[in-house]
Every structure is written in structure tokens, then in C-alpha cells.
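Welcome! Take a moment to look over the sequence and turn the model around before you start the exercises.

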Amino acid sequence: MFDKSTWIKLPRNVLQGHGVLDDLADAVADLYLSGDPLLVTSPSPERIAGDRVRAQFDDVATVSLDRASFESVERVVEVGREHDAGYLIALGGGKPIDVAKMASDELNCGFVSVPTAASHDGIVSGRSSIPEGDTRHSVAADPPLAVVADTELLAESPWELTTAGCADIISNYTAVKDWELAHRLKNVEYSEYAGALSQMTAEMLVQSADSIKPGLEESAWIVTKALVSSGVAMSIAGSSRPASGAEHLFSHQLDRIAPNRALHGHQVGVGSILTEYFHSGPRGEWQDIRDALSTVGAPTTADDLGIDDETVIDALTTAHEIRDRYTILGDGVSEDAAIEAATITGVI
Ligand SMILES: NC(=O)C1=CN([C@@H]2O[C@H](COP(=O)(O)OP(=O)(O)OC[C@H]3O[C@@H](n4cnc5c(N)ncnc54)[C@H](O)[C@@H]3O)[C@@H](O)[C@H]2O)C=CC1
Ligand SMILES: O=C(CO)COP(=O)(O)O
Ligand SMILES: [Zn+2]
């Protein structure tokens, strides 16, 4: 008997372009949702675009959070129940979007993703990434029903948020390598489509790297397209595997050891240089990753991240412990090997 089956969840409406934030209500109307929205955001995005969102709806409650955590998810669920929210609108960077994604699952309602920064590929994905204690959960959740990515707004965000988004995409190179490795060594399920889409997304971004410059709305356009495409790859895979390998473990570990020092995308970019070195050795492709990051203006060293060398080595040698995901780090990298990799690649 043929016993394969799959269920791929994707957004129904993806709006991207100049000024589309003002089309949010139309995008929502097109989804035939009922009830009033609850706006889930964080302080800066609230200040920048909260009023523009609220102006489009008759009755909208707002909850503003400063952390992605299970407590934040519970708070949104509570406020959502109090206001009998029909759906959620997630406005901001990766954190409010991840929180709204999980809360909407618990509330059994949909959510709409309105990124204010092109800083991460969770804009569209069907995963929430939430830290808890010594570990990090990549929780399955439905992807947004719609995405409204206003390139005018995104282009006005601090430039480092856009370079973080570029680096999150460039890190797909090593994420896919780790996924293939886990498939070969551990029989982890692998999707050729999702792997190829993720890799192609990174290649296309790198090919356009010369057009990614501060002050150009075109840059926000290129990066957002890549973030959407990478999120779709995760939805096809039903896992964050196409976009998250050992370089993400390294970043998640940095978040634990040295919280709030650098952006997610920047950390995974530097992680990708290091893990590419482990994949292909001193004469391997780590230099291509470093050059791609450097062309878009993303950090390539511990110094650029504002993180000291010891912390980088600590994160690299313990990254394999953070979650059960087989990668090139195997059952751990020794301190000597970590120092050698970080020194040869110029990370420290
Ligand atoms: N679920 C998924 O598939 C994915 C989840 N993530 C998660 O997303 C998070 C990283 O996303 P980030 O956006 O870096 O985090 P974030 O939401 O903390 O945003 C970074 C900073 O930028 C500020 N910001 C956002 N838009 C702004 C604007 N227009 N102007 C000025 N400041 C603005 C925020 O207030 C915050 O201080 C991590 O928790 C990461 O694990 C990242 C990739 C994929
Ligand atoms: O950041 C991500 C992809 O870019 C999500 O990955 P995680 O599952 O590792 O949180
Ligand atoms: Zn990421």
C-alpha cells in the first residue's frame, strides 16, 4: 500500500511592496476572518507602525512584549481570550512574530505577519523559535494566513536589521549541508524540494549582494523575497531544517551565554563561517560565506558581534547540547579544534 502523505501549510496572501502596510485591512478582508484582531507587537515596532495598523480596524486591542518566551505566549493567549480575538496581527521583528505564531495556535485562530524588519526568515515559516532554560524549542505552529511586508517601512529600519536578514539567508548554505549529513548518517527525513529551495534562495541572494545597500528600497525588496522563500522551504519541510543547522545551534547557545549582544541573523552568519570550515576544511568554502557576509555588511568576526573570543569558543564547543538535532558538530567539538577553526577563519 502507498503510505506517503504530506500536508504543506503556506500563507494565502503575501503582499510585498511600497506602502502595502496600508493594504493590511484589505488583505485581512480577503481572508474572510471573523471577529476583531489582537495586535501583538514589541516596543519599537509599536512606536513605528502601531497607529497605522490600528487606524485600519474598528476595534483592536494591543499587547506589547519585549521577549520571546513561553510566558509571553501565555500573556498573549490571556489577552486574546479576554478580548475574544478573532485573529492576531503580529507586528515587528522575529520575537513578536514567533510569540503570535504560537499563541494563535493555542487560541485556535489565525494570524497575519507584518514584519517591520527584514531581519529573519520566520516571517513566513510554520515554526516558532522559543528559548527555555538550557534549551531552545523549535515549535511547530501554523504559518501566517497572510504576510504584509511593506518595503518602504523595512527600508527605513536600522540597516543592521536588513544585514541580519541577509546573514540568516546566507546561513542556509550550511543548514542544508547539515541536513544532508543528518540524512546520510542518521536517516533524518530529507526533502529534496525544500533543500533545493533553501539553497537556491541563498545563491540568489548572494548573486544580488552588490545591489543590497543602505538607503535603497530595492534592498528590502530583495531580502524580503529571500526571507519569504526560505520560510516557504521550512513550511515544505515541516521543520526548520532547511534554514537551521549547526550555525543556528551556535547562535542559540550564544543567546544563552551572552544574551542580547548581537542579532540572531548576525550570529548565525558568523556561525556559518565556522561550521562551513568544519564541513569543508581550511581550503573549503568558508571564505565564500565570509565574503558574502562581508559584501552585504554583516559581521564576520567575534569582534564585529561584540562578543569576546572565549564566549565564542564556549558556544562552539557546547552548541551540540542545546537541542537534539544532528549536525556537523556531532557529539561536540573539542576546545582545541574550536580555537583552530575560529583562528583560521579569522573569527577570533
Ligand atoms: N520561527 C522562525 O522560523 C524563525 C525565528 N527566528 C527568531 O526571530 C528572532 C530574531 O528576530 P529579530 O527580528 O532579530 O528579533 P527582534 O524581534 O528582537 O528584533 C530585533 C530588534 O529590532 C527592533 N525593530 C524591529 N523593527 C524595527 C524597526 N522598523 N525600527 C527599529 N527597530 C526595529 C526590535 O524592537 C528589536 O529591538 C529570534 O528569536 C530567532 O530565534 C529567526 C528566524 C526564523
Ligand atoms: O532561525 C531559524 C531559521 O532561520 C529557525 O530555526 P530554529 O528552529 O533553530 O529556531
Ligand atoms: Zn535563523
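This is a predicted model: local features need pLDDT of at least 70, side-chain atom pairs count only at pLDDT 80 or more; totals for chains, interfaces and linings use all residues.

Residues are numbered from 1 along each chain as its sequence is written, chains are lettered from A and ligands numbered from 1 in the order in which they are written, and side-chain values use heavy atoms, with hydrogens and water left out.

**Exercise 1. Find the salt bridge between R54 and D51, and work out how the two residues are placed in their helix.**

Step 1: Start with the term. A salt bridge is a side-chain nitrogen of Lys or Arg within 4 Å of a carboxyl oxygen of Asp or Glu. The structure holds 13 of them.

Step 2: Check the distance. From N to O, the side chains of R54 and D51 are 2.9 Å apart.

Step 3: Look at the helix. Helices are DSSP runs of H or I with at least four residues, strands are runs of E with at least two, and both are numbered from the N terminus. R54 and D51 are three residues apart in helix α2 (residues 43-54), so about one helical turn separates them.

Step 4: Judge the surroundings. Buried means under 20% relative accessible area, exposed over 50%, and partly exposed in between (1.4 Å probe, protein chains only). D51 has 58% relative accessibility and therefore counts as exposed.

**Exercise 2. Describe the salt bridges of K177 with E276 and with E285.**

Step 1: Take E276 to begin with. Its side chain meets that of K177 at 2.9 Å, N to O. E276 lies in helix α11 (residues 264-280) and K177 in helix α7 (residues 172-186), so this pair ties together parts that are 99 residues apart in sequence.

Step 2: Turn to E285. The side chains of K177 and E285 form a salt bridge at 3.2 Å, N to O. This pair also links distant parts of the chain, 108 residues apart, with E285 in the loop between α11 and α12 (286-296).

Step 3: Sort the residues by accessibility. E276 is buried at 1%, K177 is partly exposed at 23%, and E285 is partly exposed at 42%.

**Exercise 3. Which residues coordinate the zinc ion (ligand 3), and how are they spaced along the chain?**

Step 1: List the donors, which are N, O and S atoms within 2.8 Å of the metal (3.2 Å for Na, K and Ca); water is not among the atoms, so sites may look incomplete. The zinc ion is held by D168 (OD), H248 (NE2) and H264 (NE2), at 2.1 to 2.2 Å.

Step 2: Read the spacing. Along the chain the donors follow D-x79-H-x15-H. D168 lies in helix α6 and H248 in helix α10 (residues 246-257), so these two tie together parts that are 80 residues apart in sequence.

Step 3: Check for burial. Both D168 and H248 are buried.

**Exercise 4. Explore the surroundings of ligand 2.**

Step 1: Collect the shell, where a residue is near a molecule or strand if one of its heavy atoms lies within 4 Å of it. Among the residues around ligand 2 are D168, H248 and H264, together with M234, S244 and R323.

Step 2: Find polar contacts, here pairs of N or O atoms within 3.5 Å. An oxygen atom of ligand 2 is 2.6 Å from an N or O atom in the side chain of S244, and an oxygen atom of the ligand is 3.1 Å from one in the side chain of R323.

Step 3: On its own ligand 2 has 310 Å² of accessible area, and the protein covers 94% of that.

**Exercise 5. Which residues come nearest to ligand 1, and which element gives the most to its shell?**

Step 1: Of the 28 residues around ligand 1, those that come nearest are T116, S119, S125, R127 and R136.

Step 2: For S119, an oxygen atom of the ligand is 2.6 Å from a side-chain N or O atom.

Step 3: Helix α4 gives the most to the shell, with five residues.

Technical notes: A polar contact is a pair of N or O atoms within 3.5 Å; within protein, one must be able to donate a hydrogen and the other to accept it, and residues adjacent in sequence count only if both atoms are side-chain atoms. Accessible areas come from the Shrake-Rupley method with a 1.4 Å probe; for residues, only the protein chains shown count as cover.
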